[in-house]
Amino acid sequence: MKEKAKVLALNDEPATTYIVSVFEQPHWQTVPTTKDKQKALGTAKEIGDKVRVEEITPKPKR
């Protein structure tokens with residue numbers, strides 16, 4: 001069983017995570033992160049001003 005799980009894990013590509021942050025004096029505050037780009041952009045649009053969306057993709061393991 002472990003071998004089968006290991007093979008599946010090796011074939012999976014790393015998932016991109018989207019972090020939405022809003023600037024509140026004097027620091028950036030992170031809003032909950034998501035794996036869905038549209039949800040992250042919708043949250044940023046809903047918040048409005050002084051918002052950034054960061055995209056983080058981990059490098060695949062060799």
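## Surface, fold and a salt bridge

The chain exposes about 5,700 Å², of which carbon and sulfur atoms supply 53%, the areas coming from the Shrake-Rupley method with a 1.4 Å probe and, for residues, with only the protein chains shown counting as cover. This is a predicted model, in which local features need pLDDT of at least 70 and side-chain atom pairs count only at pLDDT 80 or more, while totals for chains, interfaces and linings use all residues. Residues are numbered from 1 along each chain as its sequence is written, and side-chain values use heavy atoms, with hydrogens and water left out.

The secondary structure comes to 2 helices and 3 strands, arranged along the sequence as α-β-β-α-β; helices (H or I, at least four residues) and strands (E, at least two) are DSSP runs numbered from the N terminus. Of the 62 residues in the chain, 16% are buried, where buried means under 20% relative accessible area, exposed over 50%, and partly exposed in between (1.4 Å probe, protein chains only).

A search of the whole structure finds 1 salt bridge, defined as a side-chain nitrogen of Lys or Arg within 4 Å of a carboxyl oxygen of Asp or Glu. Glutamate 54 forms a salt bridge with arginine 52, and their closest N and O atoms are 3.7 Å apart. The table gives the accessibility of these two residues and of glutamate 24, which is found in strand β1 (residues 17–24).

| Residue | Relative accessibility | Class |
|---|---|---|
| Glutamate 24 | 44% | partly exposed |
| Glutamate 54 | 33% | partly exposed |
| Arginine 52 | 35% | partly exposed |

Just after helix α2 (residues 37–47), glycine 48 takes a positive phi of about 100°.

Methods
Polar contact = N/O pair within 3.5 Å; in protein donor to acceptor, adjacent residues only side chain to side chain.
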